[in-house]
Amino acid sequence: MPRLRPFLTPVAGTPSGCTGTSARVTGSIRATGLRSLQIGGTRLDLPLYRLPSAPLNAVLQESEAVIPDVGSLEALLAGPCGWQWWSAVQDVASQPSRAGGVPTGLLQQTAQWQPGETYVTVNRDWITVTLTFDVHTTHTDSTHDTVIGVDVGQTPLAVALGGQFRHALPGLPPLPAMPLGVPEAAMRLAQVAVYGAARQQWESLFALMLPRASLIAVEQLDCRGLQARFQQQCHDHGINDATLAWLPQLAREARVQIARVEPAGTSLFCPTCVRPGDRQGAVLHCATHGALDAHDVAAHWIGHLGAAQQLNKWQAKCAAWRSW
């Protein structure tokens with residue numbers, strides 16, 4: 001931190017929302033890769049690759065950063081085992097494309113980085129860097145007339161359901177085990193590749209949902225729950241960033257409401273007769289209506305619970321207004 005002080009000007013408050021002492025960056029700032037940001041002459045390790053696509057591209061283009069490609073792995077992957085491992089990584093990362101490609105959504109987004117509005121917040125245990133972007137999202141053929149529930153899982157990664165709309169993200173298999181002798185830098189690049197493929201899926205889903213939705217209900221997730229259910233760090237980060245950061249920001253701009261729903265039990269009741277069924281894996285067996293997709297069932301009830309949650313909030317507000 002002492003090396004950064006000549007390039008920082010203290011400010012009041014905490015622009016990042018984190019506790020600590022904040023300062024505006026007044027020196028030169030640029031991205032030097034997908035995982036690093038340079039302030040003055042000091043390089044900080046930051047997971048820039050976890051930004052949404054438009055802001056990430058804006059940072060990289062403004063910084064003229066050099067991004068490593070597959071060719072740069074030649075020095076890292078020694079012997080046939082290393083190349084076989086990387087081939088397996090590429091197979092994982094290319095699955096969305098081989099499954100038919102990312103659907104052309106109705107969401108068009110551009111971003112411009114504002115380097116002069118970069119802040120550093122220092123806490124006793126960590127440093128938070130806040131980047132600012134001017135983001136514009138264009139929606140075409142927007143209706144905003146559907147409540148959509150989103151069930152998050154592993155296979156599929158997510159199911160979104162509401163009215164006549166249904167879309168499922170197939171998800172990604174886990175990264176193959178890294179063989180002995182392959183440097184850690186290669187695994188870091190592999191995580192970026194798989195994270196990018198997962199982000200592509202999430203952004204395609206948001207592009208399809210936001211123009212249609214009046215309310216998006218998503219199951220409530222926390223970091224502990226993610227770590228227990230998802231073993232790959234790049235999968236954890238993708239789900240966390242998509243549902244807790246990108247979706248609320250996009251929804252706010254599109255004026256779409258977001259509801260967080262406790263998912264326990266949402267896949268256990270038939271959506272038609274509301275009787276409990278017998279869930280076996282991905283199938284819910286209803287005595288009256290037969291075999292049902294458990295992920296669709298969960299998304300259905302998450303949507304209904306989200307709508308009820310919003311209705312309760314409005315009723316509480318109306319009661320408060322009447323009491324004035």
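## A bridge in the sheet

Ala-217 has Ala-259 of β14 as its bridge partner. The two strands β13 (residues 213-219) and β14 run parallel and are joined by five bridges; strands count as paired if DSSP finds at least two bridges between them. Helices (H or I, at least four residues) and strands (E, at least two) are DSSP runs, numbered from the N terminus.

Before going on, please note that this is a predicted model, in which local features need pLDDT of at least 70 and side-chain atom pairs count only at pLDDT 80 or more, while totals for chains, interfaces and linings use all residues. Residues are numbered from 1 along each chain as its sequence is written, and side-chain values use heavy atoms, with hydrogens and water left out.

Stepping back, the open sheet has five strands in the order β12-β11-β10-β13-β14, with mixed pairing. Because β12 (165-169) and β14 (257-261) are at the edges with a single partner strand each, one side of each has no neighbour in the sheet. From one strand to the next, the twist averages 15°.

Helix α4 (residues 184-209) packs on this sheet and touches β10 (146-152), β11 (158-162), β12 and β13; contact means heavy atoms within 4.5 Å. The direction of α4 makes about 175° with that of β12. Axes here are lines fitted to C-alpha atoms, for helices over the stretch in contact, and angles run from 0 to 180 degrees between N-to-C directions.

## Aromatic pairs

The whole structure holds three aromatic pairs (ring centres of Phe, Tyr or Trp, its six-membered ring, within 6.5 Å; planes under 30 degrees apart are stacked, over 60 edge-to-face, the rest tilted). One of them, Tyr-49 with Tyr-195, is edge-to-face, at 5.2 Å centre to centre and 90° between the planes. Tyr-49 lies in the loop between β5 (42-45) and α1 (53-63) and Tyr-195 in helix α4, so this pair ties together parts 146 residues apart in sequence. Tyr-49 is buried at 6% relative accessible area, and Tyr-195 is buried at 1% (buried is under 20%, exposed over 50%, partly exposed in between, with a 1.4 Å probe and protein chains only). Together with Trp-246, these two tyrosines form one aromatic cluster.

Trp-202 and Phe-206 are both in helix α4, four residues apart, about one turn of the helix. Their ring centres are 6.1 Å apart and their planes at 40°, so this pair is tilted. Both residues are buried.

## Cysteines

Zero disulfides turn up in the whole structure (cysteine sulfur atoms within 2.5 Å). The sulfur of Cys-286 has its closest cysteine sulfur in Cys-273, at 3.7 Å, too far for a bond.
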